[in-house]
Amino acid sequence: MNLLYPHHVSYTVFKAKNRLYWRILTDKIWKVLFILAFCFGSFCWVNLRWSGWYGTELEPRCQVPEDELEDMRMIGRQTKDILDKHNMTYVLGFGSLWGALRTGDILPWDIDIDLLVVVDRNSNIKGTIDMLIEDMRAQGMDVYYRDWVGIIQGYSPIYKSQLDLSFWCDYWGTGTLHRCSGWEQYFFFVKYRFQFAFPARLMVPPLPRVNFINRSFPVPREGIEIQKIHYPNDWWKVAKPRGC
């Protein structure tokens, strides 16, 4: 039979090899798709996971010493005066906003003061950052600009108490404020899309004001709406450091 129909035998062998080739190729494609799906899922999980310092600090303190808190209040008041001098739009944010709304002061376990500064997307953001750094250093603070996260960090000269200035703008002109400095936002774009973006209407002047560290500070509009975005997993409760 093989001698009579050699072409038929060759075609049968070809079909068998072809089926084997496509089976192997399909298996490889599924494996690649599985690996890609796993990597993408892991990437999204890391992005969306809120890794605040409360849960990650090696030795969290339930009560920051009063001397350090007062040191933090001092640089908070100094930075407020600087922002007011330049007529900048800013609000308390993150843990500092919780402290202002709950007690009118820094939370006992908080390690820094957070201020969110609104800038025009078409303005010279780098020039604004350099100007603020210069003014903060003139007040005796140790000041650094963290390129990765895009924030100014100021430290008091005594206890090295910390203050963070982050910068926000309606980058795409869509009515949503995003962090507009630093590289982290591009790598963790999923996290920044859901937890570090909020409606621009929350920051429209004139802003509400509350007493904080014995000064009147502006806060976002609509109460705790911004906190529901920044703390999607626990905004309704008091999140303390582990063991407190």
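A: A search of the whole structure finds 12 salt bridges, a salt bridge being a side-chain nitrogen of Lys or Arg within 4 Å of a carboxyl oxygen of Asp or Glu. The model is predicted, so local features need pLDDT of at least 70 and side-chain atom pairs count only at pLDDT 80 or more, while totals for chains, interfaces and linings use all residues. Residues are numbered from 1 along each chain as its sequence is written, and side-chain values use heavy atoms, with hydrogens and water left out.

One of the salt bridges joins the side chains of R61 and E68, at 3.0 Å from N to O. R61 is partly exposed at 35% relative accessibility, whereas E68 is buried at 18%; buried means under 20% relative accessible area, exposed over 50%, and partly exposed in between (1.4 Å probe, protein chains only).

Another salt bridge pairs E70 with R77, at 2.9 Å from N to O. E70 counts as partly exposed, with 36% relative accessibility, and R77 as buried, with 18%.

The side chains of D105 and R73 also meet in a salt bridge, at 2.9 Å from N to O. This pair links distant parts of the chain: D105 lies in the loop between α4 (94-102) and β2, and R73 in helix α3 (residues 66-85), 32 residues apart. Helices (H or I, at least four residues) and strands (E, at least two) are DSSP runs, numbered from the N terminus. D105 is partly exposed at 22% relative accessibility, while R73 is buried at 7%. Through shared partners, salt bridges join E66, E70, R73, R77 and D105 into one network.

The torsion about the S-S bond of C62 and C244 is about -90°, so the disulfide is left-handed. C62 lies in the loop between α2 (53-56) and α3, and C244 in the segment after α8 (225-230), 182 residues apart. Both cysteines are partly exposed: C62 has a relative accessible area of 37%, and C244 has 38%.

C169, by contrast, is buried at 1% relative accessibility. Its bridge partner in β6 is H178. Strand β5 (residues 162-169) and strand β6 (residues 176-179) run antiparallel and are joined by 2 bridges; two strands pair if DSSP finds at least two bridges between them. The hairpin of β5 and β6 has 6 residues between the strands, and there G173 takes a positive phi near 70°.

S123 is found in the loop between β2 (112-118) and α5 (125-138), and is partly exposed with a relative accessible area of 31%. The side chain of S123 reaches the backbone oxygen of D120 at 2.6 Å.

How values were computed. Polar contact = N/O pair within 3.5 Å; in protein donor to acceptor, adjacent residues only side chain to side chain. Disulfide = S-S within 2.5 Å.
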